[in-house]
Amino acid sequence: MSPDVESRAIVDWPAIARGALVGLGLIIPITILDAILDRRIDDFEDSGWRVLIALLIMAAFIPAGGYAARFTPNAPLTNGALAGLGAFAVWIPFRVLIWLTRDDNRGLVSGNDPILRPGQIFGFLVISTALGMVGGYLASRRQRPDDARS
């Protein structure tokens, strides 16, 4: 491998894992809030809370990607996208655990009103990747104090 290729870290798995954990740290409380509100509000499915919760979960992918990109200035978009995707992938088991602890007879991926629809999963895969990349881009555009002096 040439020295030029070795000098630039394309995929930094520890940075991606840290970014995914940042995203997960934001998503889990939002998901718990979603479960609590669903129990407390009679018509939760038709309320504005559902949209707000979805937007908050989506917004959590941006800091996940940004945090990963801070550690990989040579490939912020790649690592940001993978951190956003990782945050979603790690969130799914927690979402399943919340589903298991609730007693409302909803299916997981099938049935009349499943908790995780296949189209919804695909949509979140795309959105988490894209918003993680946005976070990576924003982190790469932030000027560091070392760069301002030179």
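Contact here means heavy atoms within 4.5 Å, and helices (H or I, at least four residues) are DSSP runs numbered from the N terminus. With that in hand: Ala15, Ile16, Arg18, Gly19, Val22, Gly23, Leu26 and Ile27 in H2 meet Phe61, Pro63, Ala64, Tyr67 and Ala68 in H4. This is a predicted model, where local features need pLDDT of at least 70 and side-chain atom pairs count only at pLDDT 80 or more, while totals for chains, interfaces and linings use all residues. Residues are numbered from 1 along each chain as its sequence is written, and side-chain values use heavy atoms, leaving out hydrogens and water.

**H2 against H4**
- The H2 and H4 (residues 61–70) axes, which are lines fitted to C-alpha atoms over the stretch in contact, come within 7 Å and cross at roughly 155°.
- Angles run from 0 to 180 degrees between N-to-C directions, and those over 145 count as roughly antiparallel, so H2 and H4 are roughly antiparallel to each other.
- Their crossing is right-handed (the near helix is turned clockwise from the far one by less than a right angle).
- The residues in this contact split into 10 nonpolar, two polar and one charged; Ala, Val, Leu, Ile, Met, Phe, Trp, Tyr, Cys and Pro count as nonpolar, Asp, Glu, Lys and Arg as charged, and the others, Gly among them, as polar.

**H2 against H3**
- H2 and H3 have axes that come within 9 Å and cross at roughly 170°, and are therefore roughly antiparallel too.
- On the H2 side, Ile27, Ile30, Thr31, Leu33, Asp34, Leu37 and Asp38 meet Trp49, Arg50, Ile53, Leu56 and Ile57 in H3.
- Eight nonpolar, one polar and three charged residues make up that contact.

**H4 against H6**
- H4 passes H6 in a right-handed crossing.
- H4 brings Phe61, Ile62, Gly65, Gly66, Ala69 and Arg70, and H6 brings Phe124, Ser128, Leu131, Gly132, Gly135, Gly136, Leu138 and Ala139.
- By class, that's seven nonpolar, six polar and one charged.

**The largest pocket**
- The largest pocket holds about 340 Å³ of space. A pocket is an open set of points on a 1 Å grid over the protein atoms alone, where a 1.4 Å probe fits, with protein on both sides within 12 Å along at least five of seven lines; its volume is the space filled by probe spheres set on the points.
- Of its 20 lining residues (an atom within 4 Å of a point), the closest to the centre are Asp34, Arg50, Arg95, Ile115 and Gln120.
- Helices H2 (13–40), H3 (49–59), H5 (76–101) and H6 (118–141) each give two or more residues to the lining.
- The lining has 11 nonpolar, two polar and seven charged residues.

Notes
Angles under 35 degrees count as roughly parallel, over 145 as roughly antiparallel, 65 to 115 as roughly perpendicular and the rest as oblique.
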